[in-house]
Amino acid sequence: MQHDKAPLSGAIAAWIVACLMFFPILWMTVTAFKTEGEAVAIPPIILFRPVLQSFAAATAQSGYLLFAANSVIVSFASTALAILIAFPAAYAMAFQPGKRTKDLLVWMLSTKMLPPVGVLVPVYLIFRDAGLLDTRAGLVIVDTLMNLPIVVWMLFSFFRDIPRDILEAARMDGVGPRGQMTHLLLPLASPGIASAALLAIILSWNESFWSINLTAAHAGTLAAYIARYSAPEGLFWAKLSAASVLAVAPILLFGSLAQRRLVRGLTVGAVK
Amino acid sequence: MAALELRQVGKWYGGFEAVKSVDLAIADREFMVFVGPSGCGKTTLLRMIAGLEDITSGDFLIDGARANAVPPDKRGLAMVFQSYALYPHMTVAQNMGFALKMAGRPRAEIEAKVREAARILRLEAELGRKPRMLSGGQRQRVAIGRAIVRNPKGFLFDEPLSNLDAALRVQMRTELVKLHRSLDATMIYVTHDQIEAMTMADRIVVLNQGEVAQVGTPLDLYHRPANLFVAGFIGSPKMNFFPARVAGVANGSLSLALDGGATVALAAQGAPPAAGAALTLGVRPEHFVLAAEGPLAGSVDVVEHLGAETILYVKESRGAIIVVRTDDLAHVRPGEAVHLVPRLDRVSLFDAEGRAIADSSAT
Ligand SMILES: Nc1ncnc2c1ncn2[C@@H]1O[C@H](COP(=O)(O)OP(=O)(O)OP(=O)(O)O)[C@@H](O)[C@H]1O
Ligand SMILES: [Mg+2]
């Protein structure tokens, strides 16, 4: 009995924390189905008749579909590009490490510690001169670079779990680096690659700083959509909530569908 | 044809010298075994021969041509890894045919060669299975099959049997020897198990701390160890060592004072050591005779009856254990006092540096 009690209280605590963390999303979702009047009522109205008028307003006014399409295109394209670049890089680092490989890996990750706003001005100027402002291509480049260190790290650690002997056997079999990557690493590390890709897609989808600052009506993603939506119209809680739900729903759905795979990928190598 | 030769081959890992100036000639179709304790550089040496590891200094020659810079797949050598290193996502047939497929050979040829290898290794029924569905012994055979289909001039094995259970290991041992005979290829086989080395090898290379301690046929090493290390490493149970001092040299007879106080006289051949010199007398367990009187005395500590032979652990008065092997001594009981006479025509003698003194041992 003593034994059963501890896990039970732990489970209750975990549920409380989870509910607390989930509450804003729940509240946002609930608000999205209210009218503007109900949304601002104090005390908050718990029981109400759900309506879809906020969703209708949010999609009609502001070109939701364009922003959603931009989000999909930018996150998938930047992820594909990041994997394409990171794959050979991680291969070299995992299987032909040099003296400085470890330093390089740490340095790459350390770039993630730099606040993005610190480089906003130079990046903005470069983008302006290169004609990349408010283009999807520009945003793809930024997101790729933003995710590259994490993707390289993840692929590196997945590759490190593949026994070196297998690649050496391939070398004896006359298989060069390219053959090793396509015939061995790609199939063997596919769960890991899928996890890295998933994470990159999610990070890119959620990225708001650069898309707000570098894009406008043409290439803006859903993050920019929400930001822009709230500003000129004042604060319309119900509509804003509806817009937010529309922005996070696709990635939440995508994430939960892929969650199993992601979790498995993230724990590969944790136990041998 | 694959005669391999190493000339002054050395390997440094940073500041650590893993292999020290090894000179070695491996004849065509020879079954050569590298043996030595863990960390002595066996794998490193094998990997340098395979081309998986750079050679820091010296020359490696295949059939007389320098091959230091030849990439692994161009050396005509195939390697079988201790971990098998099978491609886990491929079937047995794909594993074996992978090298040929990557070399762009026609499918019919690949299939024929894979089938032939599977026949030799009795893997025909497993061709469609993935490695995880195979037993350890079957995986081992797939790894060998992957080497066979390449039709290499030489095979390199790195402790290929160490993951198998004892019975399978004995069985695979004889299969590998048979395979060597039927394939007519040079084989280098790494192991730390001296019994494997003794049973399989044409010649054995004993390595110790990156250096070649001795090269020779199994019986050479057993009967004429070049130094204390080889004497102690080859043979099980181990050779017994007795510290001794030269008491006198007189008309062809060398008289040794053992540390226990006893004296033995040997026929001195070659240049006799100076009187007073410190030596080590080595006696194999089977080279003792039990007698009523003898230079070595003690009480029987443990008796191991193995059936065909009996191993006695005899405790000397000062605590040292002498291991004795004999055909039939079922009557000896623990605690009994015994006297041992070494067969002086079969003993080995080593100088203070541990080198064998020429001609002191039996021929
Ligand atoms: N990549 C490496 N970097 C540094 N030192 C190494 C490396 N590989 C091996 N060594 C060292 O070289 C020495 C010889 O190693 P090696 O693997 O050849 O030993 P081994 O005889 O095969 O031993 P075992 O029987 O345990 O397999 C060891 O001391 C080892 O620590
Ligand atoms: Mg080894």
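Predicted model: local features only at pLDDT ≥ 70, side-chain atom pairs only at ≥ 80, totals over all residues.
**View 1. Chain A as a whole, a chain of helices.** Welcome to chain A, whose secondary structure comes to 13 helices and zero strands. Followed from the N terminus, its elements read α-α-α-α-α-α-α-α-α-α-α-α-α.

**View 2. Where chain B meets chain A.** Here we look at the contact, to which chain B brings 22 residues and chain A brings 15 residues. About 1,600 Å² of area is buried between the two chains, and carbon and sulfur atoms give 65% of that area. Three residues deserve a label: Tyr87(B), His89(B) and Met102(B) together supply 29% of the area that chain B buries against chain A, more than any other three residues. For those who like to compare interfaces, size is often given as the accessible area lost when the parts come together.

**View 3. Polar pairs across the interface, and the chain B side that touches chain A.** Six residue pairs are in polar contact across the interface of chain B and chain A, with both residues of each pair at pLDDT 80 or more. On the chain B side, the elements that give two or more residues are α1 (42-50), β6 (77-80) and α2 (92-102). By residue class, this side of chain B divides into 15 nonpolar, three polar and four charged residues.

**View 4. The salt bridge between Arg47(B) and Glu168(A).** Over all chains, the whole structure holds 23 salt bridges, and the count between chain B and chain A is one. Zoom in on Arg47(B) and Glu168(A), and you will find their closest N and O atoms 2.6 Å apart. Which helices does this pair connect? Arg47(B) lies in helix α1 of chain B and Glu168(A) in helix α8 (residues 164-172) of chain A, so the pair joins two chains.

View 5. Two elements of chain A, α1 (2-32) and α13 (237-267), each give two or more residues to the patch. Which element gives the most? That is α1(A), with five residues.

**View 6. A cis peptide bond in chain B.** The bond to look for runs from Ser236(B) to Pro237(B), and this peptide bond is cis, with omega near 0°. Pro237(B) has its place in the loop between α8 (228-233) and β11 (240-250) of chain B.

**View 7. A positive phi angle in chain A.** Asp134(A) has phi near 55°, a positive value in a residue other than glycine. To find Asp134(A), follow chain A to the loop between α6 (120-130) and α7 (136-160).

Notes: Residues numbered from 1 in each chain as written. Chains lettered and ligands numbered in written order. Heavy atoms only, no water. Contact = heavy atoms within 4.5 Å. Buried area = accessible area lost by both parts, 1.4 Å probe. Salt bridge = Lys/Arg side-chain N within 4 Å of Asp/Glu carboxyl O. Polar contact = N/O pair within 3.5 Å; in protein donor to acceptor, adjacent residues only side chain to side chain. Helix = DSSP H or I, 4+ residues; strand = E, 2+ residues; numbered from the N terminus. Nonpolar A, V, L, I, M, F, W, Y, C, P; charged D, E, K, R; others polar.
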